Amino acid sequence: MTFTPDNLARARAAMARYPYAKSAILPLLHLAQDQDGWVTPEAMVEIAVLLGITPAQVLGTCSFYTMFKREPVGRLVVSVCTNVSCLVNGGPELLQSLRTRYAGDDDVFVEEVECLAACDLAPVLQVNYEFHGPLTAEAAEALVDDYKTGSRRPRAVSGGRVG
Amino acid sequence: MAASETRIVTKLLRDRPDDSWTIEAALENGAYDALRKALTMTPEQIGEEHVKASGLRGRGGAGFGTGQKWSFLPDGVFPRYLAVNADEGEPSTFKDRMLIERDPHQLIEGIVITAYAIDCHEAFVYLRGEFALGAERLEQALADAYARGFAGPDILGSGFDLEIVLHRGAGAYVAGDETGLLESLEGERALPRIKPPFPAIQGLYAQPTVVNNVETLSTVPHIVQRGGDWYAGLGVNRSTGTRIFSVSGHVRRPGNYEVELGMSFRELIFDLAGGIRDGRELKFFVPGGASSPWLMPEHLDAPLDMDYVQNELKSMLGSGAVMVFDETTSPALVAWRLAKFFAHESCGKCTPCREGSGWIEKVLYRIAHDEGRPEDLDLLLDFGATIVPGLNAPFAQTTICALGPSTMSPVVSLERWFRAEILELCGVAPSSVGRAI
């Protein structure tokens, strides 16, 4: 999808902050992902037009960064760390149980991620880039369910505030 | 007597845990007083008499002299830029996130003073994309700082202007390399650049650029306020001042501890972080992030001194991330997980790293998962020597950035400290352990 009028204004404001517009590519990709829940092919074309580059260049940059999802991932992105401080504190087991629990759930995308810089909370995860930890598998499922039912309000999938 | 912290950059956030990030709390605790003082001084006075004299060395990992870095900017070439490296991604390092989330005004003050000292009018904060709360707090803090004249045009009536742009990354460890960061900031894949030219000469948009870490910049206001000589009086040898160490793993109290350099690893791990939990023994520890070769219990009394750890222990204090592992830990499993990290984060630009990191991960995987072959350790060391010729620390480099040699750090550590255990995992009979295979 293309940018809403409000987001188009935000995109132009972001571009104006840099000496060269191409620097705004990551901010614009975040904006597109916050709006649509993932970075659609249409968004990449629109960003290319805004920045005066080709869609292939936008895809080239976009595909390098793990936060950008190039296919739909559902409303909730659950990022579980399994790097060493989490490894020795149950991170891989937490990942496995969440993957099993939410297999086939269109709302919840469970992903394994590298160190989230929150090892004092190990094992740690993020739900739409909000930190939670340390967590048992049971506590993590209760937490994700809270986000699912709306008793916790999630950020946008790129970590921005919703509304 | 048990060792204790020396809180300078962590003072406000420890004293006011409930609101340290607000402009009100910051101002009540003297935020921006150092900026007022700095604006009465010449840029040279700040750079030479304070920052250079303080002995402050970069807190991101490389430990390069901060004042020296500033002094490399060529005369008369403008515009010049300040890029703030807030892309904290070295495994088990979590100090910058705390400083950003809980004392953003200290960072902003450091940015403004530094920009004034290097005659720069545009600064970019490259913030790790996953730090959503950090982005929110920093954005609010910037708005408050602009509103009160601490940033933006004509700062505090001095005539000095500075724009500060918050730029969120999007998930790439290699963007924390200073030239990878600049590429990313220009809208590209974060592939590090060949140096020279160094960023001071041709950095962002091919203009002179200083890249400084969050903790480094957060320290600058204190140095300006209390004097370079005061700071140089703290610490030990060429490791002056304090540093924040992120301690994690099998310790009772994982967390960030700001200590005067020169304290021992033992005091940090046992007195401050509470020692090994569940009544177990220490097996090994990683002293400075995933890229640093591991150390053993016999090294616990070594000082937190960057040069000592590099020269005497053939490792490094790096990013200040101390990972602690107890006797139940499989060194092969930890090595494999770190190798997997490097293989995932290798940007692919240099062949030794792109290909080698994947090989290391595959071989370590089978060793760690009971599928090791008798020749595996030799195999690792053999092709590893094409990434790190000589296999001796400090690592020689065949790649553009330090990620390449870092891939060999877990392997070199296994060979150095756990050779017998690894050979046994590889099915080499205990009787032949210790002999060349």
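Chain B and chain A bury about 3900 Å² between them, and 54% of that area is on carbon and sulfur atoms. Keep in mind that you're looking at a predicted model. Why quote an area at all? The size of an interface is often given as the accessible area lost when the parts come together.

Now let's see who takes part. Chain B brings 57 residues to the contact, and chain A brings 42 residues. What holds your eye next might be the charged pairs: the count between the two chains is seven salt bridges. One of them joins the side chains of B:Lys340 and A:Glu112, at 2.9 Å from N to O. There are also 28 residue pairs in polar contact between chain B and chain A, counting pairs with both residues at pLDDT 80 or more.

Stay on chain B's side for a moment. Which one gives the most? That's H14(B), with eight residues. Sort this side of chain B by class and you get 27 nonpolar, 14 polar and 16 charged residues.

Finally, hop over to chain A and find A:Ala13, which lies in helix H1 (residues 5–16). Is A:Ala13 buried or partly exposed? It counts as partly exposed because its relative accessibility is 45%, and partly exposed covers the range between under 20% (buried) and over 50% (exposed).

Key. Residues numbered from 1 in each chain as written. Chains lettered and ligands numbered in written order. Predicted model: local features only at pLDDT ≥ 70, side-chain atom pairs only at ≥ 80, totals over all residues. Heavy atoms only, no water. Helix = DSSP H or I, 4+ residues; strand = E, 2+ residues; numbered from the N terminus. Buried < 20%, exposed > 50% of the residue type's maximum accessible area, 1.4 Å probe, protein only. Contact = heavy atoms within 4.5 Å. Buried area = accessible area lost by both parts, 1.4 Å probe. Salt bridge = Lys/Arg side-chain N within 4 Å of Asp/Glu carboxyl O. Polar contact = N/O pair within 3.5 Å; in protein donor to acceptor, adjacent residues only side chain to side chain. Nonpolar A, V, L, I, M, F, W, Y, C, P; charged D, E, K, R; others polar.
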